[in-house]
Amino acid sequence: MKHELDIYMRARYPLLWVVTPEEVRALDEIDSLAREHRKRVLVWTNTTGIMNTAIPGKGDLSKRDPLGVLNAVIEDTEPTIWVLCDFHPYLKDAAVVRRLRETAGALKPTHKTVILLGSVLRIPPELEKDVTVVDFALPGAPQITQMLDRICAEISRSGRIEVTLDKR
């Protein structure tokens with residue numbers, strides 16, 4: 001997914017929809033990509049508002065409204081990856097759909113990208129031409145091996161359990 005997002009961001013696709021139930025893993029990949037592009041990542045949820053991933057725990061609760069966050073995206077002047085989590089329920093509102101289309105148009109000449117992140121893909125017909133869908137695949141053998149190695153190392157360091165695994 002990181003490689004695919006990289007291509008779309010370099011081509012200045014303004015609206016990307018990442019479909020995954022693995023929000024944390026997807027955000028880690030997006031964060032990694034943002035560091036490579038020297039961009040900040042701002043994550044929005046309707047419960048926390050806007051949060052900068054570089055400063056965890058500090059959110060802007062004043063922007064919990066979907067129209068408010070879209071206005072903030074347009075007004076923002078820095079190269080940023082905006083991640084809007086679970087935004088699909090708001091796409092039933094005609095005003096939100098219209099503002100998202102306006103946002104897409106405003107972002108094309110900028111170094112900003114909006115990523116709609118969620119496990120549900122429900123694109124209104126008005127947005128079908130503006131949104132690019134990216135599927136976030138489940139972890140493969142290398143990623144699972146890496147996670148398992150990290151977990152085993154942490155457990156071994158604690159000294160409570162001895163871990164000895166062979167290749168099988």
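Is Tyr 90 buried, partly exposed or exposed? Tyr 90 is partly exposed, at a relative accessible area of 21%. Here buried means under 20% relative accessible area, exposed over 50%, and partly exposed in between (1.4 Å probe, protein chains only).

1. Basis. This is a predicted model, in which local features need pLDDT of at least 70, side-chain atom pairs count only at pLDDT 80 or more, and totals for chains, interfaces and linings use all residues. Residues are numbered from 1 along each chain as its sequence is written, and side-chain values use heavy atoms, with hydrogens and water left out. Helices (H or I, at least four residues) and strands (E, at least two) are DSSP runs, numbered from the N terminus.

2. Aromatic pairs. The structure holds 4 of them. Rings of Phe, Tyr and Trp (its six-membered ring) pair if their centres lie within 6.5 Å; planes under 30 degrees apart count as stacked, over 60 as edge-to-face and the rest as tilted. Trp 44 and Tyr 90 have ring centres 5.8 Å apart and planes at 70 degrees, so this pair is edge-to-face. The pair links distant parts of the chain, 46 residues apart. Trp 44 sits in strand β2 (residues 40-45), Tyr 90 in the loop between β5 (80-85) and α4.

3. Phe 87 and Tyr 90 form a tilted pair, because their planes stand at 50 degrees, with ring centres 5.7 Å apart. Trp 44 is buried, at 0% relative accessibility. Phe 87 is buried too, at 2%.

4. The sheet. 7 strands form an open sheet with mixed pairing. The order is β4-β3-β2-β5-β6-β1-β7. β4 (59-60) and β7 (131-135) stand at the edges; each has a single partner strand, so one side of each lacks a neighbour in the sheet. Two strands pair if DSSP finds at least two bridges between them. β3 (residues 49-52) and β4 pair in the antiparallel sense over 2 bridges. Ile 50 has Asp 60 of β4 as its bridge partner.

5. Strand β6. β1 and β6 pair in the parallel sense over 5 bridges, and Leu 15 has Val 114 of β6 as bridge partner. β5 also runs parallel to β6, joined by 5 bridges. There, Val 83 is partnered by Ile 115.

6. Helices on the sheet. α1 (residues 2-10) lies across β1 (15-19), β5, β6 (113-118) and β7, running at about 165 degrees to β7. α2 (residues 23-37) packs on the sheet and touches β2, β5 and β6. The direction of α2 makes about 170 degrees with that of β5. Axes are lines fitted to C-alpha atoms, for helices over the stretch in contact, and angles run from 0 to 180 degrees between N-to-C directions. Contact means heavy atoms within 4.5 Å.

7. Helix on helix. α3 (residues 66-75) and α4 (residues 94-107) pack at about 10 degrees, axes 10 Å apart. That makes α3 roughly parallel to α4 (angles under 35 degrees count as roughly parallel, over 145 as roughly antiparallel, 65 to 115 as roughly perpendicular and the rest as oblique). The contact residues divide into 10 nonpolar, 2 polar and 2 charged. Ala, Val, Leu, Ile, Met, Phe, Trp, Tyr, Cys and Pro count as nonpolar, Asp, Glu, Lys and Arg as charged, and the others, Gly among them, as polar.
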